[in-house]
Structures are given as C-alpha cells and as structure tokens.
Amino acid sequence: MKANHPFFVVVALALCALMAFTGCAASGKTAAKVGDREITVQQLENAYNNALAYAFYYGYDTSTEEGRLAFADYMLDSIIYSELLAYKAAEAGITLTDEERAGAETAAAEAYDAFYQDFVDYAQQLGASDVKAYANKLLTDALVQNNTNISRIKADYLQSEIDAILTQKHKDQLLEGVAPTADELQAMYDEALAEQQAAIAEDASAYFNYANSYSYGYSYMPLVVPEGLFRVRQILVEDEATANEVLKKIEAGEDFEALLAEYNTDPGMESEANAEGYLVGKGASFVEAFLNAALELTEDGQVSPAVESDYGFHIIKRVRAEEARTIPYAEVQEEFDAMATENFIAKYYSDIVDGWMESGIVQRYPESYASLVKE
C-alpha cells in the first residue's frame with residue numbers, strides 16, 4: 001500500500017483522527033494528560049503524520065523544524081480539547097440514558113460501515129476482480145500502518161459517539177438559561193457598527209468583506225452602506241450572436257426587462273433577493289469582466305456593451321444608485337439579535353473551557369514528542 005496515495009492519506013487521516021480524539025490510550029510515552037486521562041505520543045504521532053500533508057491549510061509551514069513543532073502542538077491541542085470536554089462531562093456526573101446509549105451504538109455501527117465502504121469503493125475503482133477480498137486487504141494494510149485493529153476501530157467509533165453525547169449534554173447543562181440582556185444586545189450592535197464605520201471609512205470596499213463574511217455566518221450583516229454603490233440588472237446569454245441581437249433590440253427601444261425575461265440565462269436575476277438588481281462597487285464579489293463593465297456605468301439607465309466571461313456574454317444595465325446610510329438597530333434587530341445571542345453563548349462557553357485549560361487539569365510533556373518533528 002502506498003501511504004502517499006490520496007485515498008490512503010484520507011483513510012489514514014480518518015483513522016488517526018478517530019484514534020486520537022476518542023482518548024483510547026495507546027502504549028508508549030505520554031504526550032499530555034487531562035486529569036487522569038492519558039494522551040500518548042503514539043496517538044499524537046498518528047494524528048500528526050497523517051494530517052501533515054494538510055498543515056498548509058491550517059496555516060503552518062512544515063518546511064522548518066519550528067513550523068513542524070508548532071503543527072504538532074496544534075494537533076495535540078485539538079486532542080486535548082476533545083479529551084477535556086469528555087473529562088469534565090464525566091466529572092460532572094453526566095451519564096447516558098438507555099435510549100442514548102442505543103443511539104450511540106447505532107451511530108457507531110453506521111460510521112464503521114461507512115468507513116469500510118470507502119475501501120470497497122476504492123477496490124471497485126481499481127477494478128479488483130474480487131472487490132470484497134481486495135477491500136479487506138486494503139483495510140488490513142491501513143490498520144497495520146496505523147497500529148490498530150478492527151475491534152479497536154469499532155470501540156473508538158462507539159466511544160466517540162458516547163463522548164459527543166456526554167459533552168453536548170454537559171454543554172447544554174452549563175448553558176441553560178444563558179442569554180444576553182437587551183442592553184448587552186444593544187451594546188453588541190453599537191460595537192459592531194463602530195467597527196464597520198471605521199473600516200468602511202478607511203476603505204469603502206470593506207462593505208463587501210462584511211457582506212461576504214455575513215453570507216457564510218462569520219460576521220454581522222453590513223450595517224453601513226457607503227457612497228458609490230449602485231444596483232445593476234443583467235441579461236446573460238450563451239453566445240456573441242445572441243448578445244448582439246439583444247443589443248440591437250435595446251438600441252431600437254425595446255424594454256430591457258422584457259428582453260431579460262426572454263433571453264436571460266442567469267438564474268440570479270430570477271431570485272426575489274435580486275429583484276432590485278445586484279449591488280456593485282469596488283471590491284464586490286463578481287466575475288472580473290462583469291464587475292469591471294458594471295463599474296464603467298456612471299449614469300442610471302446606462303447599458304453596457306456585451307462583455308464576455310467564462311459564463312457567457314453579459315449585457316448590464318445600471319438601475320439606480322444605492323442610498324448611503326447607517327442601518328439602524330431597529331431595522332435589523334431580529335436578525336442581529338439571533339447572531340449576537342449565538343455569539344454571546346459561544347463566548348460564554350469558550351470562556352468556561354479556557355478556564356478549564358488554565359486550571360491545571362491539563363499537563364503537556366513536549367520533550368516526549370519533540371522527536372516527531374525531526375527530519
């Protein structure tokens with residue numbers, strides 16, 4: 001088995017993530033302890049080796065020993081975090097009901113079946129004459145490489161499911177009744193508004209950073225609309241000949257919206273959210289050719305020539321300028337409060353966990369795993 005093949009990297013990563021985060025102690029030196037729970041160097045080594053190819057995506061430069069050590073510490077912190085939550089749940093006396101236990105067993109069995117199916121699927125991709133036999137060989141090779149066995153894997157899946165339920169029950173217990181007051185919510189709006197005002201005053205394109213971040217749930221909605229933004233509608237067609245046909249009809253005085261309804265292939269124009277058009281300005285997240293052409297439109301009602309992109313040919317009409325304004329709290333209160341409450345509760349829980357981290361429960365032994373990062 002070639003361990004550097006993408007399939008085996010993914011499988012090994014799944015194996016080691018499972019082995020590392022369930023807290024099952026492998027033999028060998030101790031990398032860290034969470035109370036009386038031991039995290040072995042073997043667990044860390046499994047997780048580290050199999051995640052190393054992805055270190056770049058976590059922001060780590062593993063071309064140096066210092067960078068590799070930082071990544072090993074990051075992986076260990078992840079294992080510690082999982083162990084700590086399980087440890088504190090046990091300490092708090094959290095237990096499973098019979099129904100929850102049965103649910104964990106079912107989920108663990110399904111997880112193992114999905115894990116095994118990966119080997120079956122890959123054996124089929126390779127064209128094995130006896131798919132099941134070859135899948136079993138692939139599985140055996142992966143287990144040997146990761147110093148484990150099927151019984152251990154199944155036990156780890158079960159423990160992982162149990163820990164997930166216990167830690168969630170403990171978290172629910174800790175957060176029962178936790179919520180920000182009306183004054184705290186107002187203060188959170190004021191803080192977010194001040195931050196956006198400062199950023200947008202420095203660079204108006206920051207508006208679109210907030211809009212994009214909000215669309216992924218990473219930040220509050222834009223609360224400040226700067227000068228210079230405007231709305232556009234477009235007719236997107238597949239070929240230049242059709243684009244020229246549409247342009248001639250526009251020049252002849254035919255209605256843009258009627259032509260859009262007849263020719264347009266952009267589903268975004270059919271969305272109710274875009275009924276007033278796309279909001280554009282410097283920094284907006286659109287195809288470069290489209291955005292550049294849109295920004296050339298300086299007057300409401302102006303129509304662009306046909307502009308080609310990978311999506312086809314765009315004919316863009318400037319609809320109207322967007323009003324520059326600060327969006328008042330009352331206008332977005334329901335939506336803002338939902339996210340603000342979620343953030344408040346998340347920080348409350350994070351502060352609890354940080355307190356556990358700093359309480360002396362966690363002990364790290366970096367000297368025991370320093371050799372992992374040596375070349």
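Modeller: Start in helix α5, residues 131-145, where Asp 141 and Lys 137 sit four residues apart, about one helical turn. This is a predicted model, by the way.

Biologist: What do the side chains of Asp 141 and Lys 137 do?
Modeller: They meet in a salt bridge, with 2.9 Å from N to O.

Biologist: Why can those two pair up?
Modeller: Side chains of opposite charge can pair when their charged atoms come close. Here, the spacing is about one turn of helix α5.

Biologist: How exposed are Asp 141 and Lys 137?
Modeller: Asp 141 is partly exposed, at 23% relative accessible area. Lys 137 is partly exposed too, at 44%.

Biologist: Is Lys 88 buried or exposed?
Modeller: Buried, because its relative accessible area is 12% and the cut-off for buried is under 20%. Glu 91 is partly exposed, at 48%.

Biologist: How many salt bridges does the structure hold?
Modeller: It holds 16. Some link up: Arg 231, Glu 276, Arg 320 and Glu 322 form a network.

Biologist: New topic, charge. How many positive and negative side chains does the protein have?
Modeller: There are 25 positive and 64 negative ones. The centres of the two sets lie 7 Å apart.

Biologist: Now the whole fold. How many helices and strands?
Modeller: The protein has 13 helices and nine strands.

Biologist: What is its radius of gyration?
Modeller: It is 28 Å, whereas a compact globule of 375 residues would be near 21 Å. The C-alpha trace spans about 80 × 65 × 50 Å along its principal axes.

Biologist: What share of the residues is buried?
Modeller: Of the 375 residues, 41% count as buried. The protein exposes about 20400 Å², and carbon and sulfur atoms supply 49% of that.

Biologist: Last one. What share of the contacts joins residues 24 or more positions apart?
Modeller: They make up 70% of the contacts with a separation of 6 or more.

Technical notes
Residues numbered from 1 in each chain as written. Heavy atoms only, no water. Helix = DSSP H or I, 4+ residues; strand = E, 2+ residues; numbered from the N terminus. Rg over C-alpha atoms; globule rule 2.2 N^0.38 Å. Buried < 20%, exposed > 50% of the residue type's maximum accessible area, 1.4 Å probe, protein only. Contact = heavy atoms within 4.5 Å. Areas by Shrake-Rupley, 256 points an atom, 1.4 Å probe, with all protein chains shown as cover. Lys, Arg positive; Asp, Glu negative; His and termini not counted. Charge placed at Lys NZ, Arg CZ, Asp CG, Glu CD. Salt bridge = Lys/Arg side-chain N within 4 Å of Asp/Glu carboxyl O.
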